[in-house]
Amino acid sequence: MTTLTTAPLAPLLHRLFEEAALASPEDNPAFADMPAANLARLMRSKTQYLNFYSSLKDYPLAVSPATGTLLYMLARSHGARNVVEFGTSFGISTLHLAAALRDNGGGRLISTEFEPSKVARARQNLSAAGLLDLVEIREGDALQTLAQDLPEHIDLLLLDGAKALYPDILQMLENRLAPGALVIADDAEYSPEYLALVRPPAAGYLSMAIAEGVELSMRLG
Ligand SMILES: C[S@@+](CC[C@H](N)C(=O)[O-])C[C@H]1O[C@@H](n2cnc3c(N)ncnc32)[C@H](O)[C@@H]1O
C-alpha cells in the first residue's frame, strides 16, 4: 500500500489528470492561431515568461501520468527527504513528490509558483490529499523565492517552470545538490542551454533523456 495508489490521493489524481487532458493550452484563443515555431519561441523566452504563463493561468500544464509516477518512484526509491520544485501549477507533480515524502517517513518539499490562483488551487489539492503539511509553496518568481532559505542538502530537484530559467535555477541550487542527488527537467528540449550544462561528461552530472522529453540527471561527487 502506498500513499500514491490509495485514497484520498489516487481518486484525486485520477480526476485531476482527466481534467488536465481536457484543458489543452492549444485551445487557448491566445495561441490557437499561433504557428508552432512562435509558440516554441515564447516557451524559450527569458523575457516573456511571466506574460506567457499568466495567459495560461487556468491551465494545469501538468506532467503526464507516466512522468508523475516516475517522480514518485524516483523520490521514493532515493529515500528523498528534501525536495525542491520549480513550477507548481495546480500541484499535480507536487502531489506525487509529497506522496513519496510521506512514504519515506516525512520530509520537506519547497515548491514555487508566481500565479496566485494556481497557488490557491495547489494548496486545495494538497489539503484534499492530506499532504499539505509536507509542502511549502512559495508564491513569486522562482529567481527570488528559491534564492534563500533552502535546506543545506537537496535530494531531488524538479524543474518544470519557464524553460529559459532552467540553467539559472540549476546554478542557483547546484551547491546544495549532494553527490547522487537527482534533477528531473520536464520538456528540457526547450532549453538547449540547460542540456549543455548537464550533458557534457565533465559537467558533474550523469544525464540522459528519458521518456516524454524528461531529462534525468544525477549529480556526481
Ligand atoms: C508546466 S507548469 C507546471 C506543472 C506542474 N509541475 C505539474 O506537473 O502539475 C509550469 C508552471 O510554472 C509556473 N512558472 C513559470 N515560470 C515561473 C517562475 N519564474 N517562477 C515561478 N513559477 C513559474 C507557471 O505559472 C506554471 O504554472
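User: Hi! What volume does the largest pocket have?
Analyst: Hello! The largest pocket has a volume of about 860 Å³. Keep in mind that this is a predicted model.

User: Which residues are closest to the centre of that pocket?
Analyst: Those are Leu61, Ala62, Asp160, Lys163 and Asp187, out of 44 residues that line the pocket.

User: How does the lining divide into nonpolar, polar and charged residues?
Analyst: The lining of the largest pocket has 24 nonpolar residues, 11 polar ones and 9 charged ones.

User: Let's switch to the sheet. What order do the strands have?
Analyst: The order is β3-β2-β1-β4-β5-β7-β6, in an open sheet of 7 strands with mixed pairing. At the edges sit β3 (135–139) and β6 (205–210), each of which pairs on one side only. On average, neighbouring strands of this sheet are turned by 15 degrees against each other, direction ignored.

User: What about β6 and β7, parallel or antiparallel?
Analyst: They run antiparallel, and 6 bridges join β6 to β7 (residues 214–219). Here Leu206 stands opposite Met218 in β7.

User: How many residues are between the strands in that hairpin?
Analyst: The hairpin of β6 and β7 has 3 residues between the strands, and Glu212 in this hairpin takes a positive phi near 55 degrees.

User: Which strands does helix α6 lie across?
Analyst: Helix α6 (residues 92–103) lies across β1 (82–86), β2 (108–113), β3 and β4, and runs at about 170 degrees to β2.

User: New topic: how many salt bridges does the count come to?
Analyst: The count comes to 9 salt bridges. One to look at is Lys46 with Asp168, where the closest N and O atoms are 3.1 Å apart.

User: Where are Lys46 and Asp168 in the chain?
Analyst: Lys46 is in the loop between α3 and α4, whereas Asp168 belongs to helix α9 (residues 166–173). The pair links distant parts of the chain, 122 residues apart.

User: Now the backbone. Is the peptide bond from Ala7 to Pro8 cis or trans?
Analyst: That bond is cis, with omega near 5 degrees. Pro8 has its place in the segment before α1. Most peptide bonds are trans.

User: And what phi does Asp149 have?
Analyst: Asp149 has a positive phi of about 55 degrees, although it is not a glycine. You'll find Asp149 in the loop between α8 (142–145) and β4. Most residues other than glycine have a negative phi.

Note on methods: Residues numbered from 1 in each chain as written. Predicted model: local features only at pLDDT ≥ 70, side-chain atom pairs only at ≥ 80, totals over all residues. Heavy atoms only, no water. Pairing = 2+ DSSP bridges. Helix = DSSP H or I, 4+ residues; strand = E, 2+ residues; numbered from the N terminus. Axes fitted to C-alpha atoms, helices over the stretch in contact; angles between N-to-C directions. Contact = heavy atoms within 4.5 Å. 1 Å grid on protein atoms, 1.4 Å probe; cavity = no way out; pocket = protein on both sides within 12 Å on 5 of 7 lines; lining within 4 Å. Points joined across faces, edges and corners; volume = space filled by probe spheres on them. Nonpolar A, V, L, I, M, F, W, Y, C, P; charged D, E, K, R; others polar. Salt bridge = Lys/Arg side-chain N within 4 Å of Asp/Glu carboxyl O.
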